[in-house]
Amino acid sequence: MRRFECRLVIVGGGPAGMSAAVAAYEAGERDILILEREHTLGGILTQCIHNGFGLHRFGEELTGPEYAYRYEKSVKELGIKYYTDCTVTGISSDRTVSAVSAEEGMFKIQAGAVIVATGCRERPRGALNIPGTRPSGVYTAGTAQKFVNIKGYMPGKEIVILGSGDIGLIMARRMTLEGATVRAVLEIMPYSSGLARNIEQCLNDYGIPLYLSHTVSEIHGKERIEGVSVVRVDENRRPVPGGEMYIPCDTLLLSCGLIPENELASGGLAMCDVTTGGCIVDQDRESSAEGIFFCGNVLHVHDLVDYVSEEAAIAGRAAAAFARGDKRGDVNISVHFDKNIRYCVPQKITSLKDTDIYFRVKDVHRGATVCVNVGGRVVSEQKKIRLAPGEMETVHITERMLAENTGDITVSVIPSGV
Amino acid sequence: MMTREYDFAVIGGGVIGGLIARELSRFEVTTVILERSMDVSMGASKANSGIVHAGFDAERGTLKARMNVRGSELMETVASELGVGYRRNGSVVTAFSDKEREHLLRLAERGARNGVKDISVIDGDRLREFEPNLSPEIKYALYAPTGAIISPYGLCIAAVGNAMDNGCDLMRGFEVTAVERSGEWFTVTSSTGEAIRCRAVINAAGINSDIVASMASPARFRILPRKGEYLLCDKELGGMVGCTVFGCPTEKGKGVLVTPTVDGNLLLGPTAEDVQDRDDVATCADGLSYVERSALRQLPRLPRGKVITSFAGLRAKADGGDFIIEWSERGFLNVAGIDSPGLSSAPAIAETVVDMIGNSGFRLDRKRNFDPFRKPLDWFSRLSDEEKSEVIRERPEYGHIVCRCEKISEGEIRDAIRRDPRPHDTDGIKRRTRSGMGRCQGGFCLPRVAEILSEETGIPFLEITKASGGSYINKSRTKGD
Ligand SMILES: Cc1cc2nc3c(=O)[nH]c(=O)nc-3n(C[C@H](O)[C@H](O)[C@H](O)COP(=O)(O)OP(=O)(O)OC[C@H]3O[C@@H](n4cnc5c(N)ncnc54)[C@H](O)[C@@H]3O)c2cc1C
């Protein structure tokens with residue numbers, strides 16, 4: 001079995017992994033190896049053939065494959081090494097990365113630093129616990145997307161979509177363009193978790209009905225799905241009488257949230273955040289396991305790939321510095337948040353420098369103030385017209401704010417008129 | 001075409017039919033398994049608790065008690081010969097009150113009389129020394145170290161596969177609709193008009209065993225289907241209990257159990273509900289929430305949101321309560337009413353059936369080249385890293401991971417498709433390799449698995465199904481193609 005050393009191993013060759021690699025290279029690191037389980041670089045973007053990527057990062061609208069290709073091109077031009085068709089099976093706290101591929105067999109790499117950028121996956125039917133029969137024709141939106149966009153097959157013609165996540169919305173449009181009828185998009189919450197522009201461009205433009213506060217209560221059909229029972233729910237997601245309907249369909253697509261694919265860490269390698277499903281990290285995206293960094297959707301689910309690239313670049317630079325043996329920060333500031341916020345990333349600060357804190361709110365707010373407090377002193381206040389769980393927010397923390405105040409950071413959202 | 005002729009036709013490719021066929025394949029006789037589904041293990045043998053019961057449940061003197069205790073003794077050897085995941089993890093029955101303790105004492109006494117070894121009643125604190133996650137409110141527990149867990153469909157598939165390796169035939173999609181005797185021979189006909197001839201029929205048709213029985217002579221029993229629903233949790237929770245934990249039966253029904261599976265998941269269930277429809281394996285919201293509530297009572301710290309799938313199975317309960325293993329007429333043997341502990345009893349039932357056949361005048365000569373062993377389905381994952389690398393050097397497809405959750409390679413999938421009994425659909429691959437059985441439930445690997453199945457079998461991609469019949473995966477090509 002082959003064993004070798006590498007200063008920076010990056011697990012995952014999607015937009016996060018490639019962006020981290022490029023940033024590490026630009027920070028001076030040359031001994032980088034990307035390990036990607038699929039046959040090509042690009043991650044999930046390779047199947048996202050719609051546009052809407054790259055407005056922030058490149059100032060133009062690209063399709064998923066185009067966006068990925070920009071990074072792939074850099075990786076290749078810079079001569080950064082990568083293995084495709086190579087699956088990482090484990091990472092130990094001493095930064096030994098175990099992997100398998102057809103060419104190498106089982107092998108181990110002793111890494112100087114590791115960046116994990118393995119992305120996320122969709123919540124399947126089982127996790128949603130939908131009762132009923134177990135016929136074919138129940139897919140996550142991403143599986144359907146792969147069938148349609150990559151393989152050239154249509155899973156079905158009469159579609160119901162459960163969940164108004166972005167992939168679900170995009171697939172509503174995609175299936176319609178391919179000649180299918182999307183009978184309904186059902187959302188259990190009173191608001192959509194997708195981007196506002198996707199509701200417009202993917203549903204409203206095609207007259208696809210969106211039922212808020214509705215969910216599937218039972219799946220019917222013995223061999224192939226034949227229909228779904230739908231109920232209306234209250235704020236506590238409990239069915240309310242009077243809202244029942246039966247929608248015949250041959251396909252049910254699930255777009256009910258994404259979960260970080262954090263298996264490499266959740267086995268005890270690093271401390272995890274139960275809300276994000278990813279690891280707890282500092283401003284450099286370093287986890288509780290020294291020299292092991294996390295970025296992109298494996299850390300927390302981002303709205304836009306542009307933000308993924310941005311975050312990954314932070315991890316890439318920091319991992320390069322770690323591999324070089326740079327001096328490290330020695331403060332220990334926790335990031336707290338109030339009851340209106342679901343989570344913040346990073347969860348802690350270990351060195352005094354400018355940092356963006358990403359956060360998500362729990363509910364929709366029309367008008368609110370985002371307030372940051374360091375060691376009991378308000379350091380910034382920002383008015384927002386609208387805050388929604390589907391849209392990630394950021395607050396900027398400067399080195400000065402941290403230097404002039406001692407103590408933890410608290411982010412709070414104060415709704416207007418309260 | 002000549003009608004094929006066999007010495008024995010086993011109706012039903014469940015764990016009972018499978019192990020009977022395997023026992024018969026030890027002898028110089030010809031056997032066919034007739035199965036209505038397109039795969040084996042599609043009935044109760046696929047959806048049950050997977051427990052090899054210690055044997056304290058059944059009343060002394062019943063067939064259930066005898067078969068269970070003997071089956072549990074035989075199971076370890078059978079599982080190791082067939083390469084099936086099996087673990088003697090021990091069972092406990094918990095009592096939350098002094099009244100329930102009396103029930104435990106009765107079970108302990110019954111167990112001792114049935115011949116179950118090392119059974120004892122312990123107090124709650126002692127129990128929590130080895131099961132720290134169990135509820136502090138549990139006062140006593142019955143502990144039976146001989147209880148075990150097994151992969152039920154793994155056992156069934158391996159039993160049929162081993163029987164086939166030793167010369168047995170399998171006909172799928174063969175739903176028996178008529179059994180006719182003429183002299184020394186039976187003609188067994190399917191719903192599609194296919195027919196075989198045989199000298200003896202063994203009816204192991206599970207939920208339909210009364211219907212099949214009545215094809216030969218008026219059946220003296222009736223099957224009352226009883227549904228059981230389950231929740232299967234992520235492997236993250238597989239270690240929450242070591243033993244299989246049963247509750248005492250209450251007025252609300254038979255206790256729900258909490259158990260690790262041999263694959264490392266945590267399984268919760270089953271419910272017990274009498275139903276009419278013999279094909280109805282749908283789950284319902286009430287059933288699933290009852291399972292969850294009952295499990296929480298035993299394991300108060302059971303985290304929510306870790307369920308990866310739910311399913312239901314039908315118990316083939318006979319109206320008389322006990323197993324039925326008897327000749328209904330010469331050459332027609334009913335093995336019916338095999339509800340729980342049918343899985344545990346299966347090796348003993350197979351042994352008994354072959355004895356009965358031998359004693360009834362059929363000549364059974366031992367086959368000299370019978371091979372009881374079968375390479376485990378998961379042989380590759382049992383190898384060390386060095387050994388895996390060796391295999392990958394020879395066959396690079398073992399280095400290609402297809403199912404990322406369970407880390408199953410293309411090589412293992414191709415291997416499973418090439419081995420008897422061959423899977424025809426993606427669920428069949430799942431039961432053989434675990435590909436698609438992890439936390440993403442096939443979200444990522446299904447397209448690739450379907451492709452490999454198509455390549456291996458020559459079935460066009462569009463005709464690949466989830467579970468045969470009308471369970472197509474894709475309806476058409478996209479417009480562009
Ligand atoms: C919810 C539940 C939990 C259980 N838990 C346990 C447990 O923990 N431990 C234990 O020991 N036992 C348990 N059991 C019992 C155990 O699962 C069964 O006893 C065992 O699987 C029965 O196997 P079988 O081969 O008789 O039946 P099946 O597996 O149902 O096989 C019968 C086969 O016959 C086929 N068939 C039916 N009609 C025809 C026809 N006309 N022509 C051709 N083929 C036909 C069916 O398709 C099926 O494949 C449980 C059962 C259930 C339902």
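This is a predicted model: local features need pLDDT of at least 70, side-chain atom pairs count only at pLDDT 80 or more; totals for chains, interfaces and linings use all residues.
Let me start in chain B, where Lys227(B) and Asp280(B) form a salt bridge whose closest N and O atoms are 3.2 Å apart. Lys227(B) belongs to strand β13 (residues 223–233) of chain B, while Asp280(B) sits in the loop between β17 (273–274) and α7 (285–298), so the pair ties together parts that are 53 residues apart in sequence. The lysine, at 5% relative accessibility, counts as buried, whereas Asp280(B), at 22%, counts as partly exposed.

Two other salt bridges can be described in the same way. In chain B, Glu456(B) pairs with Arg418(B), with the closest N and O atoms 2.7 Å apart; the glutamate lies in helix α12 (residues 446–457) and the arginine in helix α10 (residues 410–418), so this pair ties together parts that are 38 residues apart in sequence. Glu456(B) is partly exposed at 23%, and Arg418(B) is partly exposed at 41%. In chain A, Glu158(A) and Arg183(A) form a salt bridge with a closest N and O separation of 2.4 Å, and since Glu158(A) lies in strand β12 (residues 158–162) and Arg183(A) in strand β13 (residues 181–187) of chain A, the pair ties together parts that are 25 residues apart in sequence. Over all chains, the structure holds 68 salt bridges.

Now to the contact between the chains. How much area do chain A and chain B bury between them? The value is about 4200 Å², with 55% of it on carbon and sulfur atoms, and on the chain A side Met106(A), Arg134(A) and Tyr153(A) lose the most area, together 15% of what that side buries. The contact takes 48 residues from chain A and 48 residues from chain B. Between the two chains there are 7 salt bridges, one of which joins the side chains of Glu261(A) and Arg404(B) at 3.1 Å, N to O.

Helix α9 (residues 385–394) of chain B has Lys388(B), Ser389(B), Val391(B) and Ile392(B) as its buried residues. Why do we say that they line one face? Seen down the axis of α9(B), they fall within an arc of 160°, so they line one face of the helix. The exposed residues Arg393(B) and Glu394(B) are carried on the face turned away from that buried side, and what covers the buried residues includes β7 (96–101) and β8 (105–116) of chain A.

Finally, two details at the level of strands. In chain A, strand β27 (residues 393–397) has a covered face made of Glu393(A), Val395(A) and Ile397(A), and an uncovered one with Thr394(A) and His396(A). Strand β24 (residues 355–361) of chain A runs antiparallel to β27(A) and is joined to it by 5 bridges, with Thr394(A) as the bridge partner of Tyr358(A). In chain B, Thr244(B), in strand β14 (residues 244–247), is buried with a relative accessible area of 0%, and its side chain makes a polar contact with the side chain of Asn89(B) at 3.2 Å.

Technical notes. Residues are numbered from 1 along each chain as its sequence is written. Chains are lettered from A and ligands numbered from 1 in the order in which they are written. Side-chain values use heavy atoms; hydrogens and water are left out. Buried means under 20% relative accessible area, exposed over 50%, partly exposed in between (1.4 Å probe, protein chains only). Helices (H or I, at least four residues) and strands (E, at least two) are DSSP runs, numbered from the N terminus. Two strands pair if DSSP finds at least two bridges between them. The arc is that of the directions from the helix axis to the C-beta atoms. Contact means heavy atoms within 4.5 Å. Buried area is the accessible area (1.4 Å probe) that two parts lose on being put together, summed over both. A salt bridge is a side-chain nitrogen of Lys or Arg within 4 Å of a carboxyl oxygen of Asp or Glu. A polar contact is a pair of N or O atoms within 3.5 Å; within protein, one must be able to donate a hydrogen and the other to accept it, and residues adjacent in sequence count only if both atoms are side-chain atoms.
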